[in-house]
Amino acid sequence: MGEEPPSRSVETNFLRAFLISKDVNNLSENLRGVLASYLNSLQSKLGIEGQTLNIVPVDSFSELSNTRRLLYPLSELDVRKGTLYVLRGALEDTMTDPLTGPFYIATWEMLSAQSLMVVPRSKIPLNINGAFLGGIISSMALFSGDNANVIAGERYLDNLFKNAKLLASEVSRAFEGLDPFSQYDLWSEQGAKLQFYIHALYQLIYDSLSLWMGSTLGNTLDTILGRSLILRKTIDFLVKDPNLNVPEFHKRSVQLALALGDELGREIAKVAQDATHYLLYVENLPRTDEDIDWRMFR
């Protein structure tokens with residue numbers, strides 16, 4: 001894909017990549033072009049260099065080596081190689097019809113992973129805080145962009161939160177019959193699916209919170225500091241100690257949303273609190289989810 005006109009949002013560029021690609025391999029190349037364009041925009045705002053991600057389709061995460069990677073619902077990021085492994089089925093489903101496939105979840109994971117590539121590798125935690133760091137940078141980047149990307153940010157927020165609420169409903173129903181003092185059920189077939197739902201819920205709801213914060217800060221501080229400055233200051237704070245400052249960012253965001261936020265912000269914050277509670281039951285268990293579970297992200 002050639003360089004896209006600046007008036008197109010990253011969302012539109014992703015959509016075009018899915019629509020024009022002949023097969024998954026061609027799609028991987030086109031997606032890399034979208035990410036390169038996004039990276040150029042991010043680099044110009046931050047004044048730092050980064051690496052464009054490679055997108056590699058896989059049939060199952062079990063076929064990958066034991067190298068530590070950042071985990072997302074639909075993909076896994078090898079930070080050292082700069083490679084994002086994405087479930088082939090999710091890509092094919094989205095190519096067939098982006099409106100019914102997991103378009104927003106898949107492309108959000110690509111954006112988040114790409115955003116991490118402007119952070120020094122030694123500063124990227126190989127845990128959930130690393131994934132959240134990329135989500136915060138992406139959120140701030142979208143809402144520090146032109147109107148097209150601000151609108152795209154709102155759509156990502158709507159779709160991520162919609163899926164988070166779906167997951168929260170599934171988890172709530174499952175916990176009604178679960179003994180909180182025993183993890184036996186969590187190792188069963190249904191328990192494995194519950195683990196996946198909880199981890200995905202935790203990730204999506206805090207990414208939704210980051211998008212809400214990006215929108216709120218962009219609207220509130222735009223005339224005072226400028227959106228690009230907000231982006232740089234936020235990243236500087238987070239990168240100093242991601243394992244400490246990423247959770248602190250989320251904690252402050254929840255407090256702000258509950259105290260001063262609009263109805264959407266308060267709703268997101270309450271689901272985030274529930275997700276944190278659920279995570280306590282499964283955070284030390286290994287990943288055992290089934291690849292087919294991605295089909296719920298519609």
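Student: At what angle do helix α2 and helix α5 pack?

Tutor: Keep in mind that this is a predicted model. Helix α2 covers residues 24-46 and helix α5 covers residues 128-143, with their axes 11 Å apart. Because angles from 65 to 115 degrees count as roughly perpendicular, α2 is roughly perpendicular to α5. The packing angle is about 80°.

Student: Which residues of α5 does α2 meet?

Tutor: Start from the α2 side, where Tyr-38, Leu-42 and Lys-45 do the touching. The residues of this contact divide into 4 nonpolar, 1 polar and 1 charged. On the α5 side, the partners are Ile-137, Ser-138 and Ala-141.

Student: And α5 with α8: are they roughly parallel or antiparallel?

Tutor: Helix α8 spans residues 227-240, and its axis lies 9 Å from that of α5. The two helices pack at an angle of about 170°. Angles over 145 degrees count as roughly antiparallel, so α5 and α8 are roughly antiparallel.

Student: How many nonpolar residues are in the contact of α5 with α8?

Tutor: From α5 come Leu-133, Ile-136, Ile-137, Met-140, Ala-141 and Phe-143. From α8 come Arg-227, Ile-230, Leu-231, Thr-234, Ile-235 and Leu-238. Set aside 1 polar and 1 charged residue, and the nonpolar count is 10.

Student: Is Thr-52 buried or exposed?

Tutor: Thr-52 sits in the loop between α2 and β1. Its relative accessibility is 15%, and the cut-off for buried is under 20%. So Thr-52 counts as buried.

Student: Which residues does Thr-52 touch, leaving out those up to four places away in sequence?

Tutor: Look back toward α2, which runs over residues 24-46. The C-alpha atoms of Thr-52 and Ser-37 are separated by 9.1 Å, though these residues are 15 apart along the chain. The residues Thr-52 touches are Arg-32, Leu-35, Ala-36, Leu-39, Gly-82 and Gln-114.

Student: Zooming out, what share of the protein's residues is buried?

Tutor: The secondary structure comes to 10 helices and 4 strands, and the chain has 298 residues. The protein exposes about 13,300 Å², with carbon and sulfur atoms supplying 51% of that area. The buried share of residues is 55%.

Student: Where does pLDDT stay under 50?

Tutor: The mean pLDDT is 85, and 85% of the residues reach 70 or more. Where pLDDT is low, the predicted coordinates should not be read in detail. The stretch with pLDDT under 50 has 8 contacts beyond four places in sequence, and it is residues 1-5.

Note on methods. Residues numbered from 1 in each chain as written. Predicted model: local features only at pLDDT ≥ 70, side-chain atom pairs only at ≥ 80, totals over all residues. Heavy atoms only, no water. pLDDT = per-residue confidence, 0-100. Contact = heavy atoms within 4.5 Å. Buried < 20%, exposed > 50% of the residue type's maximum accessible area, 1.4 Å probe, protein only. Areas by Shrake-Rupley, 256 points an atom, 1.4 Å probe, with all protein chains shown as cover. Axes fitted to C-alpha atoms, helices over the stretch in contact; angles between N-to-C directions. Parallel < 35°, antiparallel > 145°, perpendicular 65-115°, else oblique. Nonpolar A, V, L, I, M, F, W, Y, C, P; charged D, E, K, R; others polar.
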